[in-house]
Amino acid sequence: MQADVDSEVLRSRVTPLLQESKSKVGAPSGRKSPAKHYLQPLDATSLASWRALQMHRDAMQRFNMREAFESDAGRFKAFSASSCGLFLDYSKNLITGETRDLLIQLARECGLSEAIQAMFGGEQVNASEKRPALHTALRRPLGDRLTVDGRNLMRDVHDTLGKMTEIVDRIHNKLWRGYSDKAITDVVNIGIGGSFLGPELVSEALLPYSHPSGVRCHYLANIDGSEFHELTARLNAETTLFIVSSKTFATLETLKNAQAARAWFLSSGGNEQQLHLHFVAVTSNNQAAIDFGIREKNIFPMWDWVGGRYSLWSAIGLPIALAIGMTNFKELLSGAYAMDCHFLNEPFESNMPVLLAMLGIWYRNFWDAQAYAFLPYDHYLRNFVKHLQQMDMESSGKSIRQDGSAVSCGTGPVIWGGVGCNGQHAYHQLLHQGTALIPADFIVPVVSHKPVADHHQWLYANCLSQSQALMRGKSLREAEVELRAKGLSKANVQRLAPHKVIPGNRPSNTLVMETLDPRRLGALIALYEHKVFVQGVVWGINSFDQWGVELGKELGTSVYGSLTGFDPPSADDCSTQGLIDYFRRRHRG
Ligand code: F6P
C-alpha cells in the first residue's frame with residue numbers, strides 16, 4: 001500500500017474513471033444511471049450481508065481484543081491502512097477478518113461503487129434539492145473537465161481560484177488599501193455553520209503556515225452581540241476587511257452581523273462610498289449581496305452544487321487563503337484531491353474512508369453505539385470536532401431515506417470530543433468506566449510544530465496509552481494484585497478493587513501523520529467527508545440536505561415577533577409564552 005502518491009500518477013489513474021463517470025451525466029433517458037441506485041436506496045437491513053452481520057455480531061459477543069492481540073502478532077499489520085500521508089491503525093476494534101469482509105460485502109450490496117461514481121460524476125445525489133454534491137470538483141486540477149448541464153464546472157472553479165489569488169496577493173502585498181489609505185491588517189469572516197466552521201478549523205490548524213504578511217483572520221458567527229463587541233473592540237475600521245460569507249445570503253445571524261459591521265464601519269469614520277474597500281462577499285446569491293451593498297466585482301461565487309458543510313474548498317475558504325497564502329491553500333486542495341483519488345481507486349478492503357465508515361456502521365447498527373468520540377491530540381486541531389459535528393450530524397441526522405420512506409435502522413451517531421490530553425482529565429472517565437460503548441478516533445502527528453522539551457513525546461505516549469487502556473482494561477484480579485502490591489489491607493483491597501476495574505474491550509482507531517501540514521489536513525478532512533458519504537449510502541439517506549434546521553428558524557421569527565411586537569398573538573404553548581412574558585417583563589420600556 002503506497003503512503004504518498006504524486007498528482008501525476010493520481011491523475012493518470014483517476015481521469016479515465018471520472019471521464020467515464022462524466023460521460024454518464026445527461027446520459028440518454030432509459031439508461032440505468034448510477035444515481036438511480038442511489039436515489040432508490042436498497043433497504044440495507046433486508047440484505048443478506050446485513051443478516052450475516054447480525055449473526056456474526058452474536059458470534060462476536062465474547063470477542064476479546066486483548067486476547068486477539070495476545071494470539072495474533074500480525075493483527076496490527078492486518079488491520080491498518082495508509083494513504084495520502086495518513087496512517088490508520090484500526091486493529092483495536094471488535095473485529096476479525098470475517099467482520100471486515102462482511103462489512104465490505106454490505107457496502108458493495110448497497111451499491112457503494114455506483115453511488116461514488118454518481119457523486120463524483122455530478123449526478124443529483126442530493127435528490128430532495130435536485131442538486132449534485134460536487135465539493136470534490138473544487139479540488140480537481142485545472143486540466144480536468146466536469147460538465148454538468150452543459151457547463152464545464154472546472155472553468156468556474158479555477159476562475160474563482162484566480163480571483164481569490166488576486167485579492168489575496170493585493171492584501172498580502174498591502175496593495176488593497178482601506179478608506180484612509182492604510183493597508184488591511186485584519187480580516188473578519190462573517191458567516192455561520194459551513195461558512196464558518198471549516199474555515200475556522202483550517203486557519204487555526206495551519207497557524208504554523210501563517211502567511212508572513214501577518215494579516216490576522218477573525219471569525220464572527222453567532223448573533224450574540226457580545227461576540228460582535230468583543231471582536232470589534234480589537235479592530236480598527238480603517239484596516240479591517242469584512243468577508244460576508246453566506247451561500248444563501250439569507251442566514252439571519254450572518255445578515256444581522258453584516259449590518260452591524262457596516263454600521264460599525266460607518267460610525268468609525270468610513271462612508272457609504274468607501275464600503276467596497278472594506279466589504280466583500282462569498283455567495284451563490286449575487287443579487288442579495290448587491291442589494292446589501294456589496295460591489296459585484298467584490299462578490300466571489302459559490303454554487304448550489306456545493307453543500308455548506310463541504311464548502312471550505314471554495315471561495316468560502318477565502319479567509320483560509322488570507323491566513324496561509326494561496327500556495328498553502330492549493331496544497332490543502334491537493335491533499336483532499338489525493339484522498340478523493342484514494343477513495344475512488346482503492347479497493348474497499350484498504351480504502352480508508354470505506355473502512356472508517358463501515359466500522360462506524362458496525363458499532364452504530366450492530367452494537368447500538370449512539371455516540372462517536374473524536375480525540376485529536378494536537379492543539380492545532382482544537383476546532384476539528386466542531387467541524388466534524390456539522391459535517392457528520394447535519395449529514396447523517398436523518399430518519400427518512402432518499403425515497404421518502406422511513407429508515408429501518410439507526411443513523412447518524414452523536415459526534416463529540418475534544419483535544420487530548422485535556423479530555424483525559426474531563427470525559428475519558430466515562431470512556432473507560434461508563435456503561436456506554438463509544439467508539440473513538442484518536443488523531444495525532446508524530447512531529448510537533450512547536451516542540452517544548454519532551455512534551456510531544458508525552459502527548460504522543462498518552463494518545464497511544466489511552467487507546468491501549470480502552471482496549472486492555474483492567475480486570476478485578478489485576479486491580480487486586482496492584483492494590484496488594486501497594487500494601488493495602490485485605491479489607492481495603494476488597495473495598496477498592498471493584499472501583500478500579502476497567503472493562504476494556506472498547507474500540508478505537510488511531511490516525512497518525514508525520515506532521516499536520518496543509519496537504520495532510522486536506523486529506524484528513526476529505527477522509528471524513530467520504531466516510532460520512534459512505535454511511536449515508538448504506539443508510540439510504542441524503543447526506544447533503546438539512547431540512548430539519550428550518551422549523552426552529554421559522555419559529556424563531558414568530559417568537560421574535562412575540563418578544564418585540566406591541567400586542568403580539570400568544571404563543572402556541574404556555575411554556576414558550578411564559579418565557580416570552582419573562583423577557584417582556586424585563587424589557588418593558
Ligand atoms: O442552518 C444550517 C445551514 O443552512 C448550514 O447548512 C449552513 O452551512 C449554514 O446554515 C449557513 O448557511 P449560509 O452559508 O447559506 O449562510
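Q: How much space lies in the largest cavity?
A: In this predicted model, a cavity is a set of points on a 1 Å grid over the protein atoms alone where a 1.4 Å probe fits but cannot get out. Its volume is the space filled by probe spheres set on those points, which are joined across faces, edges and corners. The structure holds 4 cavities of 30 Å³ or more, and the space in the largest cavity is about 60 Å³.

Q: How many charged residues are in the lining of the largest cavity?
A: The lining (residues with an atom within 4 Å of a point) includes Leu 138, Met 164, Trp 303 and Trp 313. Thr 160 and Ser 314 also line this cavity. Counted by class (Asp, Glu, Lys and Arg are charged; Ala, Val, Leu, Ile, Met, Phe, Trp, Tyr, Cys and Pro nonpolar; the others, Gly among them, polar), there are 7 nonpolar, 2 polar and, for charged residues, none.

Q: Which helix gives the most to the lining of the largest pocket?
A: The largest pocket (an open set of points with protein on both sides within 12 Å along at least five of seven lines) has a volume of about 1100 Å³. Of its 41 lining residues, Thr 248, Thr 251, Val 549, Glu 550 and Lys 553 lie nearest the centre. Two or more residues each come from helix 11 (252-267), helix 16 (384-396) and helix 22 (550-564), helices being DSSP runs of H or I of at least four residues. With 8 residues, the greatest contributor is helix 22.

Q: Where does the ligand sit?
A: Around the ligand are 14 residues, taken as those with a heavy atom within 4 Å. The closest are Ser 195, Ser 246, Thr 248, Thr 251 and Lys 553. By class, this shell has 2 nonpolar, 9 polar and 3 charged residues. With more than half of its atoms within 2 Å of the grid points as the criterion, the ligand's site is the largest pocket.

Q: Which peptide bond is cis?
A: Cys 421 is in the loop between strand 11 (414-417) and helix 17 (428-433), strands being DSSP runs of E of at least two residues. With omega near 15 degrees, the cis bond runs from Gly 420 to Cys 421.

Q: What is the phi of Lys 174?
A: Lys 174 belongs to the loop between helix 8 (153-172) and strand 5 (186-190). Although this residue is not a glycine, its phi is positive, at about 60 degrees.

Residues are numbered from 1 along each chain as its sequence is written, and side-chain values use heavy atoms, without hydrogens and water. Local features need pLDDT of at least 70 and side-chain atom pairs 80 or more, whereas totals for chains, interfaces and linings use all residues.
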